[in-house]
Amino acid sequence: MKYIGNTFRYVFKNFIYLFPFALIPSYFFAAALDLRSLEAIADCIIAGGTEISYLTVFNGFTFINGGGWAFSLVCFASMALFMPMLLAFVEKHMRIGSRSLRGLFGRINYNFLTTFFMLVIALAIYELWALLASGLVYVAMILFGGAARFAAALVVTAGMYLLLAFIFSLVWLWLPCCQITGYKFGEAVIFSGQAIGGKRGKLFLAVMLPYVAGMVFMLTVVGVCSRFDVFVPVFIFIELIFIVLFLYFCVLMYVAYFDAAGEERADIKKRF
């Protein structure tokens, strides 16, 4: 829980500096979601309906769905643009204690390729996971009925989220290792695995718990708002959830890296 607490503490303490980097990606992320598919899945599980297709389930998981693919691409492009500056700001603040925005645009060239490559790999992993997860959830939903359907879908979904968090936790320090040490991609993967060492379990929890909590909250908001047939509140809530999670996971990379590497953070005031 140390990583979670330290990361959220940093995010909310410096929120005024960080949230502009997440505003545009959050808008297009919310616009890209297939809310109708999410509502249909919730109704099928809770109300016990049987009319649901695999495509509906897949659209509830995937980042690039049929109706919102253009928004997804813009969201991805905006993350590729703003993440290098966000990561540069966090690194600069933690390394020398400065929260100045000066020089961040110049860091786009330095951080862009590594960030873009990481985002492409992360998107590919996520889409393959979404394909598998939606298939397993769909099978569970057609094999069972009533309460058993809800339980089976919940167990499968929880297991798949644990798997996704585990996969990402294995390479979570990859990006800061590339950008701070200057290692090539392959060397950074090896170094990041060595650096995290015995703290792998802490990092896994720090990745998994906030992500699962965010997904549960998002589905809850979608379900509640669908009952009242309102759209604007769910859009705003999803934007807020994305902003918090986007900032959290970007900051977590450097919180975990500085701790794993044993480097002192200049942004933390010493208490004597």
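A salt bridge is counted here when a side-chain nitrogen of Lys or Arg lies within 4 Å of a carboxyl oxygen of Asp or Glu, and by this rule the count comes to four salt bridges. This is a predicted model, in which local features need pLDDT of at least 70 and side-chain atom pairs count only at pLDDT 80 or more, while totals for chains, interfaces and linings use all residues. Residues are numbered from 1 along each chain as its sequence is written, and side-chain values use heavy atoms, with hydrogens and water left out.

**View 1. Glu91, Arg95 and Glu263 are linked in a network of salt bridges.** Side chains of opposite charge can pair when their charged atoms come close. In the pair formed by Glu91 and Arg95, the N to O distance is 3.7 Å; because these two residues are four apart in helix H6, about one helical turn separates them. (Helices are DSSP runs of H or I with at least four residues, strands are runs of E with at least two, and both are numbered from the N terminus.) Arg95 also forms a salt bridge with Glu263, the closest N and O atoms being 3.7 Å apart. Arg95 lies in helix H6 and Glu263 in the segment after helix H12 (232-261), so this pair ties together parts that are 168 residues apart in sequence. Glu91 is buried at 9% relative accessible area, whereas Arg95 is partly exposed at 36% and Glu263 is partly exposed at 28%; buried means under 20%, exposed over 50% and partly exposed in between, using a 1.4 Å probe and protein chains only.

**View 2. Arg265 and Asp267 form a salt bridge.** The closest N and O atoms of this pair are 2.7 Å apart, and both Arg265 and Asp267 are buried.

**View 3. Helix H6 (residues 69-96) bends at Phe82.** The helix has 28 residues and reaches 40 Å from its first C-alpha to its last, close to the 40 Å expected at 1.5 Å a residue, where the expected span is 1.5 Å times one less than the number of residues. The bend at Phe82 is about 30 degrees, and a proline, Pro84, follows within four residues; the bend is the angle between axes fitted to the seven residues ending at a residue and the seven starting there. Just after H6, Gly97 takes a positive phi of about 85 degrees.

View 4. Leu18 counts as buried, with a relative accessibility of 0%. Leu18 and Phe89 are 71 residues apart along the chain, and their C-alpha atoms are separated by 8.5 Å.

**View 5. A nonpolar patch on the surface is formed by Phe112, Leu113, Phe116 and Val120.** Together these residues have about 340 Å² of accessible area, as given by the Shrake-Rupley method with a 1.4 Å probe, with only the protein chains shown counting as cover for residues. Patches are made of residues with over 30% relative accessible area and no salt bridge, like charges being joined within 9 Å and nonpolar side chains (Val, Leu, Ile, Met, Phe, Trp, Tyr) within 5 Å. Val120, in helix H7 (residues 107-143), is partly exposed at 35%.

**View 6. Met141 lies in helix H7.** Met141 is buried, with a relative accessible area of 2%.
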